[in-house]
Amino acid sequence: NKTNEWIDEFKQRSDTDSDSHLIGYEFPAKVDDAIRQKCITSTQTLSVEDQLDKILSHLVPLKDTHNMIAFSMTDETYAKDMLHEVYEMNNDIVGFKGAFFFVAMDSYTANMACEFGYPVVAMPENDDLKKQVQSTKVFMSKLLVERGQSFLFYEMDVWFVRSPLRMLQQHMHEYDFLCSTHQWNPGKLNIGFYAALANEGTINYFEDSLNIIEKNPLAHDQKIMHVVADYNTATLEDRTLEDHNNCGWCGHENVSFPAIKATNPIRVGLLDPHVVVSSLYPVPTEGTVALHTLADMPLKGPFGKEMVAKELGVWYGWGKATSKAGYYHREGSYRRYLFLENAGTRGGQSFVQSKGYHDERAFRRQIAVLATLAKVTNRILVLPQVLSDYHAQPLWIYLDLESLEKLGIVYRETNFASNKKSWYSHTTPFASVTQMAIVESSNEVQLLTTDGGNQTAASSDRIPASSFTTDDPLSAFFAVAFPTHK
């Protein structure tokens, strides 16, 4: 069984290739031990308020954007894949370089931020992460405005395609609190992205919201913030106190809202849902500033949101300015990819063929072979699309990508090759390409090699099956197929 041969070969070679680092990452430089330890000591010994004061003394607010700073908050599940992403995106696109910090929800995240010199405030660890997350963003917002500090908050799964600075400069003349909405409900707050000016009104707003959230841990913090904003402005909805106190839509039937007296009413602004697009199925437009990738099962966690962002092309891709081996930006020998190309379905694996129509077994075998080739040749596997009768779908609909990761296979999303952030140059996706085909019906491999993508300079070789040894079916072929081309 040839499939078993490939899998056996794959297992034998899984940890033996000395070039495996070429498909890994070159991470940003770490700070020296003294700076790292000083940071860790601060996160472990100082109160949250003292940590924040220390951070604020080093940040430089944006004078032309209402003296704002920005922050995001994260735990280990987001930090592992997104800490470098969000920090570089903030500096490169969002525009708060030198005016941004992380709020760490656990020691892993705090230590990682300290290791790379990222400004961080660490919260005390709590066994009830959901409850802590719901209160922390409001708590930190309250601390900031109490200190006279205006700010922008955005969650780790908000991906920017352009800077929000111009938008903030315009709107924050009109509003004290500006919040994104939902693509499917433009009248409701989405608190994954909001900005606030520091004044008595916003102090009251965050204090009132925090009090109700802490008293109602089962309720939805986002909906509570909407109700409190409603009381502070009387402009969002025409709801009475009785309506709010019978508030099943808040996520918990027994939420009780006190009669908040808006002694310092705030001006609340809701962003157009196409500016910061928050949705399970976000649809960007020309006016979009950022996408907030919400997700449901099976993509509900950080990994699922990450995959959605990548397929939409809004994943930032750290390493553009700091590494030769980042996510999209890779140089020289670090540019090693394996890409499926079937006739008429570039980058796709089709269920709709006269031979193998809807043959799931053949499909799984093809994917197993593709994964094996990527591992044996130390290449980054660009996941193929799956083409069916009526849909083109990403491979992760059919394959649990954790199974690839456990075997040490490095991969990229299906639209990777069409995303210009991954290209070799502004006009060329790859510096050189080796095309190959396994022609099993004639027991030979046909190898077509192109120079710099130039088909006119192509050479072709046919390698007979007799050149393979029975116990090592791929090594001879790939020694010939990939001597120098990347």
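This is a predicted model: local features need pLDDT of at least 70, side-chain atom pairs count only at pLDDT 80 or more; totals for chains, interfaces and linings use all residues.
## Buried strand, both faces

Buried here means under 20% relative accessible area.

Of the 486 residues in the protein chain, 50% are buried. The secondary structure comes to 14 helices and 21 strands. As for contacts between residues at least 6 apart in sequence, 68% join residues at least 24 apart.

## The sheet around E9

E9 belongs to an open sheet of three strands, ordered E5-E10-E9 with mixed pairing. Strand E5 (158-160) and strand E9 (276-279) each have a single partner strand, so they stand at the edges and one side of each has no neighbour in the sheet. From one strand to the next, the twist averages 20 degrees.

In general, strands of a sheet pair through backbone hydrogen bonds, and they can do so in parallel or antiparallel fashion.

Helix H11 (residues 302-312) lies across E5 and E10, and runs at about 145 degrees to E10.

Just after H11 comes glycine 313, with a positive phi of about 80 degrees. The C-alpha atom of glycine 313 is separated by 9.4 Å from that of lysine 420, although the two residues are 107 residues apart along the chain.

Lysine 420 is found in the loop between strand E18 (411-412) and strand E19 (433-439). Is lysine 420 buried or exposed? Its relative accessible area is 56%, so lysine 420 counts as exposed.

Lysine 142 lies in helix H6 (residues 129-146). This lysine has a relative accessible area of 15%, and lysine 142 is therefore buried. Setting aside neighbours within four places in sequence, the contacts of lysine 142 are Phe206, Glu207 and Leu210.

## The disulfide and the cysteines

How many disulfides does the structure hold? There is one, formed by cysteine 39 and cysteine 114, with their sulfur atoms 2.0 Å apart. The pair links distant parts of the chain: cysteine 39 is in helix H2 (residues 33-45) and cysteine 114 is in helix H5 (residues 107-115), 75 residues apart.

Which hand does the disulfide have? The torsion about the S-S bond of cysteine 39 and cysteine 114 is about -65 degrees, so the disulfide is left-handed. Cysteine 114 counts as buried because its relative accessibility is 1%. Cysteine 179 is buried as well, with a relative accessible area of 0%.

Rolling a probe the size of a water molecule over the atoms shows where empty space is left. Searching the whole structure turns up one cavity of 30 Å³ or more, and about 30 Å³ of space lies in the largest cavity.

What lines the largest cavity? The lining residues are Ile367, Leu370, Ala371, Leu381, Leu383, Pro384, Leu395, Leu399 and Leu404. Helix H12 (residues 360-376) gives the largest share of this lining, with three residues.

Conventions. Residues are numbered from 1 along each chain as its sequence is written. Side-chain values use heavy atoms; hydrogens and water are left out. A disulfide is a pair of cysteine sulfur atoms within 2.5 Å. Helices (H or I, at least four residues) and strands (E, at least two) are DSSP runs, numbered from the N terminus. Buried means under 20% relative accessible area, exposed over 50%, partly exposed in between (1.4 Å probe, protein chains only). Two strands pair if DSSP finds at least two bridges between them. Axes are lines fitted to C-alpha atoms, for helices over the stretch in contact, and angles run from 0 to 180 degrees between N-to-C directions. Contact means heavy atoms within 4.5 Å. On a 1 Å grid over the protein atoms alone, a cavity is a set of points where a 1.4 Å probe fits but cannot get out, and a pocket is an open set with protein on both sides within 12 Å along at least five of seven lines; lining residues have an atom within 4 Å of a point. Grid points are joined across faces, edges and corners, and a volume is the space filled by probe spheres set on the points.
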